[in-house]
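Here is a short briefing on how one protein chain is put together. Keep the 3D view open as you read.

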Amino acid sequence: MKTSIATVSISGNLPEKLEAIAEAGFDGIEIFEQDFIAHDGSPREVGDMIRSMGLEITLFQPFRDFEGLPEPLRAKAFDRAERKFDLMQELGTELVLVCSSCHPQALGGIDRAAADFHELGERAARRGLRVGYEALAWGRHVNDHRDAWEIVRRADHENVGIILDSFHSLARQIDPDTIRRIPGDRIFFVQLADAPQIEMPLLYWSRHFRNMPGEGDLAVTDFMRAVMATGYAGPISLEIFNDQFRSGPPKTIAKDGHRSLIALMDDVRRAEPALAFTSAEMPARSSVDGVSFVEFATRGAEADRLEAMLETLGFHQSGRHIAKKLSLWTQGEIRIVVNRETTGYASSAYNMHGTSVCDIGLSVPDAADAVARARQLGAKPFEQPVGPGELQIPAIRGLSGSVLHFIDEASGLSDVWSVEFTSSGAQATGAGLARIDHLAQTMSYDEMLSWSLFYTTLFEMDKSPMVDVVDPDGLVRSQALETRDGRFRITLNGAETHRTMAGNFLADSFGASVQHVAFSTDDIFSTAEELARRGFEPLPMSENYYADLAARFDLPPGMLDRLAAANILYDEDAGGAFFQLYSRPYAGGMFFEIVERRAGYGGYGAPNAPFRIAAQKRLMRGKGVPSR
């Protein structure tokens, strides 16, 4: 199975695009005519440059407004085609994409179009070239792959075949299983793109909102299952038009694209094992049984303040590392590691970001399989020297250079706490915090699709629709990813401006990955009472917030007063109720959250976010005041 990508899919000039595509691991490219024209090299030089990078030119595109034209436009269309054939031979590629005509004078009629393509096939054959016909979703007369196939079938020429594009078919809600009727050898090329489900004109939707398979809402896996069921054995290629990608880093976009194709074909193989095609064997997506630990890189007085806050939250220091300046703080199923090392990875993380979450440990069924899949999908491995008595725990790089460690029971990695830490022997009752409910990662908005793809291709996670979180100084886009049993939840928060709290944290921490950790409790009122006894300082909420709660919800007698007294926030949906309690901001904008979910509440308290953010900003430095 060869992988390919259209040069229009990523940013940069042509050499930059090619370098990124080759580095990402693609086999070939679709050369978009505009990218070629903008380059100052000759066709032969461009072809040589592409091949020197280990790539082949899988397709030249697009050739527009060809079929069904009246004379003299028809003759001119064939003249244009001959010129493009000249160019293709100089470049060193043998397949051209002809998209269905949008010309205002184009005439309808399948037989007329078929006759044009038969003649074009004759001309292409004399040069050893092939022609692929694609139905644009907004084509004037042909906008359905079924009609495009009928034209190709009637053209009856071995040098003329169909090109299928997932966006054009799925955007028009055409049943992908209709593709199974097409002989695989008549499919010359397959282009893939996903997209969010948005109501807008097809052309605008296509030109601005396509994304990688798995990043949108279209049934791309079903589409590819149908394609592969035909016996198709050609390249699978990405053709992505996306404003965000056009301004993004080309190497990141290219790597995301390659990851999306590899993961997609693995999904196809697993969904329909009877299909015969060659794809990379890899372990399945890993389930996640929960967060095994969260590790903070910190030092000196900042570390003292962090540990003091953990004590007010009911954590106790249950152990110390046998060789390093690491202390282990536990409560319920929660483990927090405080790393004060002045050498190694955590030290580098502290020097870059200040006090921050540098490492997240995930409990998985098989750590080796989890890291193997991650590496096959392009994740960067992480290793550092292991001292005497320490375990070698598989890990990869995550957001902003942070680390994800994988821990399982079968290989003994879950014994790390007894192997590498000496117990303090202290017993503590805690404050009722049971487990980590979710982690909130902050990033620039442009990175959100990339990290959503990262998590959903590695783990068995579903993504919720993206929502807008209103900050007094702008918008933050937020998307939740979670396992179906809720044991692992993560929210991705994309900042578009440094004026928002998320954006300010991102700027001040130089891109630290986690802005807050949310702990769950089974009784938030009892937890709040215990926290108050321990000296915990909650985020103070305004009286106006609680007055509004009284108007919005029919709360049981006395509950509103209990909420207000403890500064607890409240929300509910059709499934159940949700309670939230926040710490005050610390270390440049990080904070802790305590939640209780009742019944089937499935959200994250999004309606409360504007009021929580406003309360946090009241406690932070004023606008325009430098952090240092």
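In which hand, left or right, does α3 pass α4? The crossing is right-handed. This is a predicted model.

**The whole chain**

- The protein chain has 21 helices and 25 strands.
- Its radius of gyration is 28 Å, close to the 25 Å that the globule rule gives for 628 residues, so the chain is as compact as a globular protein of that length.
- The C-alpha trace spans about 90 × 60 × 50 Å along its principal axes.

- Strand β1 (residues 3–6) pairs with strand β8 (residues 236–238).
- Three bridges link β1 and β8, in the parallel sense.
- To find this pairing, look for T3, which stands opposite I236 in β8.

**The open sheet**

- Another eight-strand sheet is open, with the order β14-β15-β13-β9-β12-β11-β10-β16 and mixed pairing.
- β14 (395–397) and β16 (421–423) stand at its edges.
- Each edge strand has a single partner, so one side of each is left without a neighbour in the sheet.
- The twist here averages 25° from one strand to the next.
- Strand β9 (residues 290–297) and strand β12 (residues 334–339) run parallel, joined by four bridges.
- F296 has V338 in β12 as its bridge partner.
- Helix α13 (residues 344–353) packs on this sheet and touches β9, β12, β13 (356–363), β14 and β15 (403–407).
- The direction of α13 makes about 135° with that of β13.

**Helix pair α3 and α4**

- Two packed helices are described by the angle between their axes and the distance between the axes.
- For helix α3 (residues 43–52) and helix α4 (residues 73–91), the axes come within 7 Å and cross at roughly 40°.
- α3 and α4 are therefore oblique to each other.
- On the α3 side, the contact uses P43, R44, V46, G47 and R51.
- These meet L87, E90 and L91 in α4.
- By class, the contact of α3 with α4 has four nonpolar, one polar and three charged residues.

**Helix pair α1 and α11**

- The axes of helix α1 (residues 14–24) and helix α11 (residues 250–271) come within 8 Å.
- They cross at roughly 40°.
- α1 and α11 are therefore oblique to each other.
- Their crossing is right-handed.
- α1 brings E19, A20, I21, E23 and A24 to the contact, while α11 brings P250, K251, A254, K255 and H258.
- The residues of this contact divide into five nonpolar, one polar and four charged.

How values were computed:
Residues are numbered from 1 along each chain as its sequence is written. This is a predicted model: local features need pLDDT of at least 70, side-chain atom pairs count only at pLDDT 80 or more; totals for chains, interfaces and linings use all residues. Side-chain values use heavy atoms; hydrogens and water are left out. Axes are lines fitted to C-alpha atoms, for helices over the stretch in contact, and angles run from 0 to 180 degrees between N-to-C directions. Helices (H or I, at least four residues) and strands (E, at least two) are DSSP runs, numbered from the N terminus. Angles under 35 degrees count as roughly parallel, over 145 as roughly antiparallel, 65 to 115 as roughly perpendicular and the rest as oblique. A crossing is left-handed if the near helix is turned anticlockwise from the far one by less than a right angle, and right-handed if clockwise. Contact means heavy atoms within 4.5 Å. Ala, Val, Leu, Ile, Met, Phe, Trp, Tyr, Cys and Pro count as nonpolar, Asp, Glu, Lys and Arg as charged, and the others, Gly among them, as polar. Two strands pair if DSSP finds at least two bridges between them. The radius of gyration is taken over C-alpha atoms; the globule rule is 2.2 Å times the number of residues to the power 0.38.
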